[in-house]
Amino acid sequence: NSLNFSGGPGALPESVLQQVQQAIIAVPEVGLSVLGISHRSDWFAAVVAELERNIRSLLGLPDSYHVLLLQGGATQQFSMVPMTLLHGATAPADYLHTGYWSGKVLAEARREGPIRTLWSGQDSGFTRLPDDGELAFAADAPYLHYVSNETVEGLQFQRVLGRDDVPRVCDMSSDFLSKPCEAERFALIYAHAQKNIGPAGVTVVLVRDEVLAHAPDDLPGFLDYRSHVKAHSNFNTPPVFAIYVVLLVTRWLLNEVGGLHNMAARNAAKAELLYGVLDASDGYYRGRARVQDRSSMNVSFNLATPALEQQFLAEATAAGLSGLGGHRSVGGLRASLYNGLTLPAVEVLAGFMDDFRRKHA
Ligand code: PLP
């Protein structure tokens, strides 16, 4: 089998994959394939309830938050957030433009109401994140939106941004449950599953109850968070399979990994190893991100020429290292180190990179 360094969907833990394999044949307690169990069954209600409990326990999330399991990917949240929170606003919401994905977020938000780009990394080619001195957060903004980890460029905030009196909204799609995140400091967090916690098909939304009180009443039911709260994430047919896999990953995080502090330590060790290879290469491997903004999830880098990068990809694929091409918008190379990817897998990549450099330098 190849090792999966793809930007998404990412690798899942081996023990989870084994349980999934069994569940596709038959979930032991039910005697049916997980692909054919009704979303109205008691079993599925228990899956949703346990998953919600596990997420609360991993994050220490207070009861004042709803845990929702939605469809439409993170992309649907780019619209649902402003549809809900920008309703009737006179002052603009603050948005940060730190890379490819926050650019997509901005384009959708602009359709819904007044927004302001508080900071943009466009001039620096999205190679760094803003310093505190560059951010003048508006006190009257209806909310602040940012992306905690820019998956394409490999930039990750190492701190919570914004003012405590303005609701924070964050797209955590590519680092959710990879480390503790101070969830209670955010009004709304969204993250699709397919990086760190499962397959595509489900998006986790954590939302503080009070922010839903001012939602407009004329939203389509499917786009109104309150419909999903009322229906316990069973408003229409949910992706039972994807939700079940996310449950298995949260059990793995709790019982095998031992919580998010341990997960963070594992992820930090993987990232340290790989950035170490970049830093010890005398500029042969060129990291994209400014050092203090480096992501522990996505290591984006370049070689001297696109031709050499193609050579790298060809040899990596032949060596069983998959998914190392950079995102189509920026090219180059990228190694994604999501929760399910092991340290030994990163050691294999590090060894390959050292060998490749010696061979081609
Ligand atoms: N936000 C981030 C940070 C992402 O990395 C991605 C995709 O990789 C998206 C949003 C879009 O997610 P989706 O394809 O689930 O809509």
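Two residues are in contact here if their C-beta atoms, placed from the backbone, lie within 7 Å. The model is predicted.

Q: Which residues are in contact with lysine 195, leaving aside its neighbours within four places in sequence?
A: Lysine 195 lies in the loop between strand E9 (188–192) and E10. The UniProt record, an unreviewed entry, places the feature "modified residue: N6-(pyridoxal phosphate)lysine" at Lys195. Leaving aside neighbours within four places in sequence, the contacts of lysine 195 are Gly8, Gly10, Ser173, Ser174 and Tyr338.

Q: Is lysine 195 buried or exposed?
A: A residue is buried if 20 or more other C-beta atoms lie within 10 Å of its own, and exposed if 12 or fewer do. Lysine 195 has 30 C-beta neighbours inside 10 Å, so the residue counts as buried.

Q: Which residue of E9 stands opposite cysteine 170?
A: Both faces of strand E8 (residues 168–171) are covered, with Arg168 and Cys170 buried on one side and Val169 and Asp171 buried on the other. E8 and E9 run parallel and are joined by 3 bridges. In this pairing, cysteine 170 stands opposite isoleucine 189.

Q: Which residue stands opposite arginine 168 of E8?
A: Strand E5 (residues 144–147) runs parallel to E8, and 4 bridges join them. Across from arginine 168 in E8 is leucine 144.

Q: What is the bridge partner of valine 67 in E10?
A: Strand E2 (residues 65–70) has 6 of its 6 residues buried. Tyr65, Val67 and Leu69 point one way from E2, while His66, Leu68 and Leu70 point the other way. E2 pairs with strand E10 (residues 203–208) in the antiparallel sense over 6 bridges. In E10, valine 67 has as its bridge partner leucine 206.

Q: How many Å apart in space are tyrosine 225 and methionine 80, C-alpha to C-alpha?
A: Tyrosine 225 lies in helix H6 (residues 225–230) and is buried, with 21 other C-beta atoms within 10 Å. Not counting residues up to four places away in sequence, tyrosine 225 touches Leu68, Thr84, Val207, Leu212 and Ala215. Tyrosine 225 and methionine 80 are 145 residues apart in sequence, and their C-alpha separation in space is 8.2 Å.

Q: Within what arc do the buried residues of H8 fall, seen down the axis?
A: Helix H8 (residues 260–279) has 20 residues and reaches 27 Å from its first C-alpha to its last, close to the 28 Å expected at 1.5 Å a residue. Its buried residues are Met263, Asn267, Lys270, Ala271, Leu274 and Val277. An α-helix has 3.6 residues a turn, so residues three or four places apart point the same way. The buried residues of H8 line one face of the helix, because seen down the axis they fall within an arc of 115°.

Q: What do the buried residues of H8 pack against?
A: The face of H8 turned away from its buried side carries the exposed residues His261, Ala265, Glu272, Gly276 and Asp279. The buried residues pack against helix H7 (240–257), strand E12 (298–302), strand E14 (333–336) and helix H10 (343–360).

Q: Where does the largest share of the side of domain 1 that touches domain 2 come from?
A: The domain assignment gives domain 1 (14–257) and domain 2 (259–360), with 27 Å between their centres, taken over C-alpha atoms. The contact takes 23 residues from domain 1 and 24 residues from domain 2. On the domain 1 side, strand E7 (155–156) and H7 each supply at least two residues. The largest share of that side, 3 residues, comes from H7.

Notes
Residues are numbered from 1 along each chain as its sequence is written. This is a predicted model: local features need pLDDT of at least 70, side-chain atom pairs count only at pLDDT 80 or more; totals for chains, interfaces and linings use all residues. The expected span of a helix is 1.5 Å times one less than its number of residues. The arc is that of the directions from the helix axis to the C-beta atoms. Two strands pair if DSSP finds at least two bridges between them. UniProt positions are given in the numbering used here, feature names are shortened, and annotations may be inferred rather than shown by experiment. Domain bounds come from an automatic or database domain assignment.
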